Amino acid sequence: MAVRVRRRDFLKLLGGVGVVAAVGGMVPPLVRYVVPPVLKGEMPRSQLVWEDCRTPVKASELKPNTNYIFYYPLVDTPNILLKLETPDGRPVRIPEIKVPATMNAALEPPAWLDGSVDQEELKVAERISTSPTFYTYPGGVGKDGNIIAYSAICQHLGCPYPALKYYPPGTPTPPTNPPEVGARGGVMHCLCHGSAYDPARGAIVLTPPTVKPQPYIKLEWDPATDELYAVDVIGPTILGKVCNTCGKTVGPRIPVAEEREPEKPTC
Ligand code: FES
């Protein structure tokens, strides 16, 4: 038997469906507004170039003990590129090291100012560990294995370069606790609360309050061309990020600037 629907009821029903559809349609954009999507990209492979975006950075051209800054893997995550040399001009081969995810501070000066890092000095990382998790940082690249890069965003509370920067040998940091740690330079030090890291031993913590090492930016060096590429991040997640590729990643070439941030983060 056919059911007869009065015209007035039919219009009411139609109106109700319309309201539900309209409200339902507003939900996804509302959710996207309240909870913005996390854009997770691929880890880029990016060549280091100078700020003209064309000239490759050659490993042999880098000045020793100088802060070079570049952005990687995101357009808002700066890093420090270093080439370690002793004050009398000897390259310091930076060894592979197992770095604990969290640690107490070593409370000692950096290990490499005499020109090398020995096995005993590497073992400090295990002794100060407070974590069962270790990262393997592969060490330095280039002809002498003395070129390395770390995140320039401090793992304590996120102060970026230039608050966090490298002080070359002979340039004392602002006072550290204990004072001898930064007295001869050769450390990465954060002005915000005094954390210091050893660049030749996987950026382990030398002075508190930080308890985490700096993320290691994995570099590749092409011995045929002497050119450098940033290819990965190892270690803790860059401070302030949900993941190391959550956001806008850099392109295939990234500009490098000496003792300052590059004018643009990517080419
Ligand atoms: S943010 Fe670097 S020591 Fe606190």
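**Strand S6**

I started with strand S6, residues 147–151, in this predicted model. I wanted to know whether S6 is enclosed or open. Five of its five residues are buried, so S6 is largely enclosed by the rest of the structure. The cut-off I used for buried is 20 or more other C-beta atoms within 10 Å.

Next I asked which sense the pairing of S6 with strand S3 has. S3 covers residues 78–83, and the two strands pair in the antiparallel sense over five bridges. A reminder to myself: strands of a sheet pair through backbone hydrogen bonds, either parallel or antiparallel.

**Strand S1 and its partners**

Then I moved to S1, which spans 46–49. S1 pairs with strand S12 (residues 227–234) in the antiparallel sense, over two bridges. S1 is also joined to strand S13 (residues 253–255), and here three bridges hold a parallel pair.

**The open sheet**

What is the order of the strands in the open sheet of four? I traced it as S7-S8-S9-S10, with antiparallel pairing. The edge strands are S7 (164–167) and S10 (204–207), and each of them pairs on one side only. Neighbouring strands of this sheet are turned against each other by 35 degrees on average, direction ignored.

I zoomed in on the end with S9 and S10. S9 covers residues 196–198, and three bridges join it to S10, the two running antiparallel. Ala-196 stands opposite Thr-207 in S10.

The loop between S9 and S10 holds Ala-203. Ala-203 is not a glycine, yet its phi is positive, at about 55 degrees. Is Ala-203 buried or exposed? I counted 27 other C-beta atoms within 10 Å, so Ala-203 is buried.

**Another positive phi**

Cys-53 went into my notes as well, with a phi near 70 degrees, again a positive value in a residue other than glycine. Cys-53 sits in the loop between S1 and strand S2 (68–71). I checked its surroundings too: Cys-53 has 14 C-beta neighbours inside 10 Å, so it counts as partly exposed.

**Cis peptide bonds**

I looked up two cis bonds, starting with the one from Tyr-161 to Pro-162, where omega is near 10 degrees. Pro-162 lies in the loop between S6 and S7. The bond from Asn-177 to Pro-178 is cis too, with omega near 5 degrees. I found Pro-178 in the loop between S7 and helix H3 (180–183).

**The nonpolar core**

Last stop: how many residues does the largest nonpolar core have? The answer is 61, and those with the most contacts inside it are Leu-48, Phe-70, Ile-80 and Met-188. I followed up on Phe-70. Leaving out residues up to four places away in sequence, Phe-70 touches Leu-48, Asn-79, Leu-81, Ile-254, Pro-255, Val-256 and Pro-262. Leu-48 turns up in both of my lists: it is among the core residues with the most contacts, and Phe-70 touches it.

Notes: Residues are numbered from 1 along each chain as its sequence is written. This is a predicted model: local features need pLDDT of at least 70, side-chain atom pairs count only at pLDDT 80 or more; totals for chains, interfaces and linings use all residues. A residue is buried if 20 or more other C-beta atoms lie within 10 Å of its own, exposed if 12 or fewer, and partly exposed in between; C-beta atoms are placed from the backbone. Two strands pair if DSSP finds at least two bridges between them. Axes are lines fitted to C-alpha atoms, for helices over the stretch in contact, and angles run from 0 to 180 degrees between N-to-C directions. A nonpolar core is a set of buried Ala, Val, Leu, Ile, Met, Phe, Trp, Tyr and Cys residues joined through C-beta atoms within 7 Å. Two residues are in contact if their C-beta atoms, placed from the backbone, lie within 7 Å.
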